[in-house]
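Thanks for making time this morning. I would like to walk you through one structure, going from a single residue out to its sheet and then on to a few side chains.

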Amino acid sequence: MKIGDKILIGVLLIISFASAYFTYDKALSRTGTDVVIEVNGSKYQELPLNVDKTVTIHNGQHLNVVEIKDGKVRMEEANCPDQICVKTGWIEKEGQQIVCLPNRVVVRVTGGKKGEVDDVVY
């Protein structure tokens with residue numbers, strides 16, 4: 001391997017890391033403003049993320065408790081067998097979601113600037 005090859009590999013690595021950093025930073029840096037709760041694929045409630053509230057969802061035999069506190073949201077309690085939704089913990093960034101598949105409940109953080117373009121491809 002010649003010195004020119006090493007320089008080229010180094011430059012490509014720097015460009016790759018810089019692109020990954022800016023992509024990651026852009027995608028996960030926006031704090032959400034609202035919480036959308038969906039049950040059985042339909043919107044159940046849409047709540048502001050800046051108001052503390054606890055929502056109890058009864059869906060037949062299924063029970064979920066969603067807690068909004070300090071600009072974050074979590075699935076506080078669920079009677080599903082695996083408890084993955086509860087173990088997900090707090091979320092606050094736009095696009096993050098908590099899914100309770102057995103109980104068919106989705107908690108999604110939305111918001112940010114309306115009408116903002118996600119990406120542009122040329």
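Predicted model: local features only at pLDDT ≥ 70, side-chain atom pairs only at ≥ 80, totals over all residues.

Let me begin with Thr-110, which counts as buried because its relative accessibility is 16%, where buried means under 20% relative accessible area, exposed means over 50%, and partly exposed lies in between, using a 1.4 Å probe and protein chains only. Residues are numbered from 1 along each chain as its sequence is written, and side-chain values use heavy atoms, with hydrogens and water left out.

What does Thr-110 contact, leaving aside its neighbours within four places in sequence? With contact taken as heavy atoms within 4.5 Å, the partners are Gly-32, Thr-33, Asp-34, Val-36, Glu-46 and Glu-94.

Thr-110 is found in strand S7, strands here being DSSP runs of E with at least two residues, numbered from the N terminus. Strand S7 (residues 105–110) pairs with strand S1 (residues 34–39) in the antiparallel sense, over six bridges, and two strands are said to pair if DSSP finds at least two bridges between them. Within this pairing, Glu-38 stands opposite Val-106 in S7.

Stepping back, the open sheet has four strands in the order S2-S1-S7-S6, with antiparallel pairing. Strand S2 (42–48) and strand S6 (97–100) stand at the edges, each with a single partner strand, so one side of each has no neighbour in the sheet.

Now to the cysteines. A disulfide is a covalent bond between the sulfur atoms of two cysteines; the criterion applied is a pair of cysteine sulfur atoms within 2.5 Å, and by this rule the count is zero.

Finally, the structure holds one aromatic pair, where rings of Phe, Tyr and Trp (its six-membered ring) pair if their centres lie within 6.5 Å, and planes under 30 degrees apart count as stacked, over 60 as edge-to-face and the rest as tilted. The ring centres of Tyr-21 and Phe-22 are 5.3 Å apart and their planes stand at 70°, so this pair is edge-to-face. Both Tyr-21 and Phe-22 are exposed.
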